[in-house]
Amino acid sequence: MRKVSIASFVCLSLALSTPGLAANSNHQITQSPTHKVIKMSAERFAFSPSEITVEKGTVIEFHLTSEDTDHGFRIIGSDVDVQISKRRRGETVVTYTADTAGRFIIECSRPCGAGHTAMRATLIVK
Ligand SMILES: [Cu+2]
């Protein structure tokens, strides 16, 4: 009987001594990153949409498809560089956390024809 009451006391004092922890986890819930799915298609020699704007901290899930041949999808300055397989070969899904504000160039990274080097899109992180 006495052991039980000591245990209760310990639990109670732990709960009372950690109000900061409780407040902090509430804070994290309200600040949890926004998750955004963006469908983007590639076709000689453009991405559609060609400009995307997100809030800083957004976790972007790109769903990429091609309307013609193989294309690439590289966000310059990041690790993201994937292939978008030719039409009807399914979609490529890649996740990017937009944790830095700025303008980022997305370029096609697979030679796809005459306009390949001009095949770009812009990601704006506010
Ligand atoms: Cu290309």
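**Strands, sheets and core**

Mentor: Start with strand E3 (residues 51-54) and strand E9 (residues 120-125): they run parallel and are joined by four bridges. Strands are DSSP runs of E with at least two residues, helices are runs of H or I with at least four, and both are numbered from the N terminus. This is a predicted model, where local features need pLDDT of at least 70 and side-chain atom pairs count only at pLDDT 80 or more, while totals for chains, interfaces and linings use all residues. Residues are numbered from 1 along each chain as its sequence is written.

Trainee: Which residue stands opposite Val54 in E9?
Mentor: Val125.

Trainee: And what joins strand E8 to E9?
Mentor: Six bridges, with E8 covering residues 102-107 and the two strands running antiparallel. Within that pair, Ile106 is opposite Ala121 of E9.

Trainee: What order do the strands take in the open sheet of five?
Mentor: E3-E9-E8-E5-E6, with mixed pairing. Two strands count as paired if DSSP finds at least two bridges between them.

Trainee: Which strands are at the edges there?
Mentor: E3 and E6, and each has a single partner strand, so one side of each lacks a neighbour in the sheet. On average, neighbouring strands of this sheet are turned by 20° against each other, direction ignored. The axes behind that are lines fitted to C-alpha atoms, for helices over the stretch in contact, and angles run from 0 to 180 degrees between N-to-C directions.

Trainee: How do E5 and E6 run, parallel or antiparallel?
Mentor: Antiparallel, with four bridges between E5 and strand E6 (residues 81-84). Arg74 is placed opposite Asp81 in E6, and Gly72 opposite Gln83.

Trainee: How many residues sit between the strands of that hairpin?
Mentor: Five, and Gly77 takes a positive phi near 90° in the hairpin.

Trainee: How many bridges join E1 to E4?
Mentor: Eight, between residues 35-43 of E1 and residues 59-66 of E4, which run parallel. Ile38 faces Phe62 of E4 across that pairing.

Trainee: Now the core. Which residues touch the most other members of the largest nonpolar one?
Mentor: Ala42, Phe47, Leu64, Tyr96 and Ile106, out of 17 residues. E4, strand E5 (71-75) and E9 each supply at least two residues of this core, and E4 gives the most, with three. A nonpolar core here is a set of buried Ala, Val, Leu, Ile, Met, Phe, Trp, Tyr and Cys residues joined through C-beta atoms within 7 Å.

Trainee: And what makes a residue buried or exposed?
Mentor: Buried means 20 or more other C-beta atoms within 10 Å of its own, exposed means 12 or fewer, and partly exposed is in between, with C-beta atoms placed from the backbone. Buried residues are 17% of the 126 residues in the chain.

Trainee: What does Ile106 touch?
Mentor: Leaving out residues up to four places away in sequence, the list is Phe47, Phe73, Arg74, Ile75, Arg120, Ala121, Thr122 and Leu123. Contact means C-beta atoms, placed from the backbone, within 7 Å.

Methods
Contact = placed C-beta atoms within 7 Å.
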